[in-house]
Amino acid sequence: MPSTSVLPSPGRRICFFNTTPFWGGGEKWHLEAALRFRNRGHDVVVLGHPGSPLVLKARDHGLATAEFGLGNASALNPAILWRLVRFFHDRRIEAVVFNGPLDLKAGGLAALMAGVPRRVYRRGLALPTRNRWTNRYLFNRVLTHIVPNSLATKRIMFRDLVVTDPDERIRVITNGIDLEAFDARPFNPPEVPAGPAPRLVNVGRLTAQKGQEILLEVARRLKDEGVEFQLLIAGEGERRAELTALARDLDLQDRVEFLGFVEDVTSLLRQADVFVFTSRWEGMSNALLEAAAAATPVVTVDTTSNGEAVIDGETGFVVPAGDTEAFAARLRALVEDPELRARMGAAGRRLVEGSFRLDRKMDEWERLLSG
């Protein structure tokens, strides 16, 4: 059996199943959702990778936790499946929310075998699902519901795979921001170089998906045009050394600062004059929504769901993917026009207040998981 801390509470018995070993947007969502459901009177347990940031943070918040390591062959291992079946059965789980493919394969089969009534897959990345027999079985027989977190995610993930009863079983629920908690956070900004130049901020893991090298190309273009700015890149990842070398090769040491992992992203966003985002694919980006909540205008690329979180020409600019010239032009317009920044930032805040409040999103989730 996985090691488990028990925190009994009334209500539905819900498991948030996420064995990703690192911390990212999906893990942040699972933690926030688990806390919200516990506060609404449900019996919640977070199942995660042993010692993962999600498990540790969940424990710090007093949530019940279970630790379980999964690999590519876990779904084929009867011993692992049986341990998961016992876990679902012993905890009398009534609904389980899965995060990634590994979770879905092993955890989904075990939840089906244990008779868990609601077996839900939350999809946060806008990537296509291959039309394999295993996926057809998982999506049509194992899962009761699929929840993409944006319209683009839904469109792309089912580009090749056909799902039965899609109107009943597929429900888009976007991410949300807890504005009250967001606004109440103390201002504790990371130490960054001081100066009068407008601050451009990017937040994300340093991976190929996030496309930070595009920002460096844009920064070089702006520097050549004589634009004053400071680019702050927050995050860690396997491309740290590569991106640092690229910044040096482009002679951007005086304009670009790699901040590493930043715990207090909210304070960093409040320091920003413009939020810049170059991901090659996303679900519904928390970073874009948090920038809008901080009344910070955005320049992003028109890939997957970004256009659902940013209204082009109103809360920021959405430019064609790969067009660094257009990106630089839109960014220069914001850098050189404080009034435009203020107007777009205020519009972004209104967008979050009207369409992306976390409580409303949790209401949708509660209706889904409670049947």
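Predicted model: local features only at pLDDT ≥ 70, side-chain atom pairs only at ≥ 80, totals over all residues.
So, Asp251 sits in the loop between α10, residues 240-249, and β10, residues 256-260. Most residues other than glycine have a negative phi.

You'll find Arg92 in the loop between α3, 78-91, and β5, 95-98. Is Arg92 buried or exposed? Exposed, because its relative accessibility is 55% and the cut-off for exposed is over 50%.

Okay, on to a helix. α1 covers residues 25-39, so 15 residues, and its first and last C-alpha atoms are 21 Å apart, close to the 21 Å you'd expect at 1.5 Å a residue. Its buried residues include Trp29, His30, Leu31 and Phe37, and there are charged names in that list too, with Glu27 and Arg36 among them. What covers the buried residues of α1? The cover includes the strands β2, β3, β5 and β6, plus the helices α2 and α16. After α1 comes Gly41, with a positive phi near 95°.

Next, a helix pair. Two packed helices are described by the angle between their axes and the distance between the axes. For α9, residues 212-224, and α14, the axes come within 9 Å and cross at roughly 65°. The crossing is right-handed. On the α9 side the contact is made by Ile214, Leu215, Glu217, Val218, Arg221 and Leu222; on the α14 side, by Thr324, Glu325, Phe327, Ala328, Leu331 and Arg332. Sorted by class, that contact has seven nonpolar residues, one polar and four charged.

α14 turns up again at α15, as part of what covers the buried residues there. The rest of that cover includes α8, β11, α12, α13 and β13. The buried residues of α15 are Leu340, Arg341, Met344, Gly345, Ala347, Gly348, Arg349, Leu351 and Val352. Why do I say the length of α15 agrees with expectation? Because 18 residues, 338-355, should span 26 Å at 1.5 Å a residue, and the end C-alpha atoms are 26 Å apart. At the N-terminal end there's a cap from Asp337: one of its side-chain oxygens lies 3.2 Å from the backbone nitrogen of Glu339.

Now, Arg341 from that buried list is also touched by Asp273. Asp273 is in the loop between α11, 265-271, and β11, and it's partly exposed, with a relative accessible area of 23%. Beyond its sequence neighbours, Asp273 also touches Pro198, Arg199, Thr296 and Pro297. With Arg199 there's a polar contact: a polar side-chain atom of Asp273 lies 2.7 Å from the backbone nitrogen of Arg199.

Last stop is Gln209, in the loop between β8, 199-203, and α9. Gln209 is buried, because its relative accessible area is 15% and buried means under 20%. Leaving aside close sequence neighbours, Gln209 is in contact with Leu125, Thr278, Ser279, Arg280, Trp281 and Glu282.

Notes
Residues numbered from 1 in each chain as written. Heavy atoms only, no water. Helix = DSSP H or I, 4+ residues; strand = E, 2+ residues; numbered from the N terminus. Expected span 1.5 Å × (residues − 1). Buried < 20%, exposed > 50% of the residue type's maximum accessible area, 1.4 Å probe, protein only. Contact = heavy atoms within 4.5 Å. Polar contact = N/O pair within 3.5 Å; in protein donor to acceptor, adjacent residues only side chain to side chain. Axes fitted to C-alpha atoms, helices over the stretch in contact; angles between N-to-C directions. Left-handed = near helix turned anticlockwise from the far one by under 90°. Lists of a residue's contacts leave out its neighbours within four places in sequence.
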